[in-house]
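I opened the model to look at one helix, a surface patch and a charged residue. These are my entries, in the order I made them.

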Amino acid sequence: MILDIARLMLFPALMAFAAASDLFTMTISNRISLALVAGFLVLAPLGGMGLHDFLMHLGAGATVLVVAFGCFAMGWVGGGDAKVAAGVALWFGFDHLLNYLLYASLLGGALTLLLLYARQWPLPRPLTGQAWLLRLHDKQTGIPYGIALAIGALMVYPETEWIKSIGATHLAMR
């Protein structure tokens with residue numbers, strides 16, 4: 001039961017924290033990425049993931065890490081975004097990676113267009129006292145892409161074996 005609760009709570013909590021962190025500070029702590037890796041390394045064997053699947057998940061995470069750091073080197077994404085995307089790929093493996101990348105890309109594009117549009121207009125005076133809103137509204141500031149990465153991950157997570165292997169009746173209170 002503790003393993004089921006960990007599978008239900010850990011990944012979504014880390015995604016919510018990554019999104020909130022990126023929204024309010026425009027940074028994603030390395031601790032979030034490390035917690036994603038550690039959580040996977042602990043929960044995968046405890047949940048009965050076989051060696052082949054484990055290695056495939058590691059391969060997915062490594063592949064995304066290499067590609068994402070290429071994007072980081074070109075200035076297209078932040079380093080925290082690259083590490084979080086790789087951590088998510090580690091959890092999803094190749095089976096769910098394409099759906100995740102598609103959702104994250106579409107959401108990231110929508111977020112970018114929304115912010116570019118909103119930044120054309122002055123921030124309403126009552127909101128100018130919020131430092132995070134001023135930073136988010138600044139045209140020189142990047143896009144908090146961690147929000148799109150997290151929402152995309154939360155959209156795909158219920159379709160993964162991490163959740164499907166948990167029987168809802170098993171968790172029901174008696």
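Entry 1. I started with helix α3, residues 51–73, in what is a predicted model. I counted 23 residues in α3 and a reach of 33 Å from its first C-alpha to its last, close to the 33 Å expected at 1.5 Å a residue. Just after α3, I found Gly 75 with a positive phi of about 85°.

Entry 2. Which residues of α3 are buried? I listed Phe 54, His 57, Ala 60, Gly 61, Val 64 and Ala 68. Residues three or four places apart on an α-helix point the same way, because there are 3.6 residues a turn. I then looked for what covers the buried residues of α3, and the cover includes α2 (30–46) and α4.

Entry 3. I turned to the surface and found a nonpolar patch formed by Val 37, Leu 41, Leu 51, Leu 55 and Leu 58, with about 430 Å² of accessible area together. The elements that give two or more residues to this patch are α2 and α3. I noted that α3 gives the most, with three residues. Val 37 sits in helix α2; its relative accessible area is 33%, so I logged Val 37 as partly exposed.

Entry 4. I moved to Asp 81, in helix α4 (residues 79–118). Asp 81 is buried, yet I found no salt bridge for it. Lys 83 is the nearest side chain of opposite charge, 9.8 Å away. What does Asp 81 contact, leaving aside its neighbours within four places in sequence? I recorded Asp 22, Ile 28, Tyr 145, Gly 146 and Leu 149.

Note on methods: Residues are numbered from 1 along each chain as its sequence is written. This is a predicted model: local features need pLDDT of at least 70, side-chain atom pairs count only at pLDDT 80 or more; totals for chains, interfaces and linings use all residues. Side-chain values use heavy atoms; hydrogens and water are left out. Helices (H or I, at least four residues) and strands (E, at least two) are DSSP runs, numbered from the N terminus. Buried means under 20% relative accessible area, exposed over 50%, partly exposed in between (1.4 Å probe, protein chains only). Lys and Arg count as positive and Asp and Glu as negative; His and the chain ends are not counted. A salt bridge is a side-chain nitrogen of Lys or Arg within 4 Å of a carboxyl oxygen of Asp or Glu. Contact means heavy atoms within 4.5 Å. The expected span of a helix is 1.5 Å times one less than its number of residues. Patches are made of residues with over 30% relative accessible area and no salt bridge: like charges are joined within 9 Å, nonpolar side chains (Val, Leu, Ile, Met, Phe, Trp, Tyr) within 5 Å. Accessible areas come from the Shrake-Rupley method with a 1.4 Å probe; for residues, only the protein chains shown count as cover.
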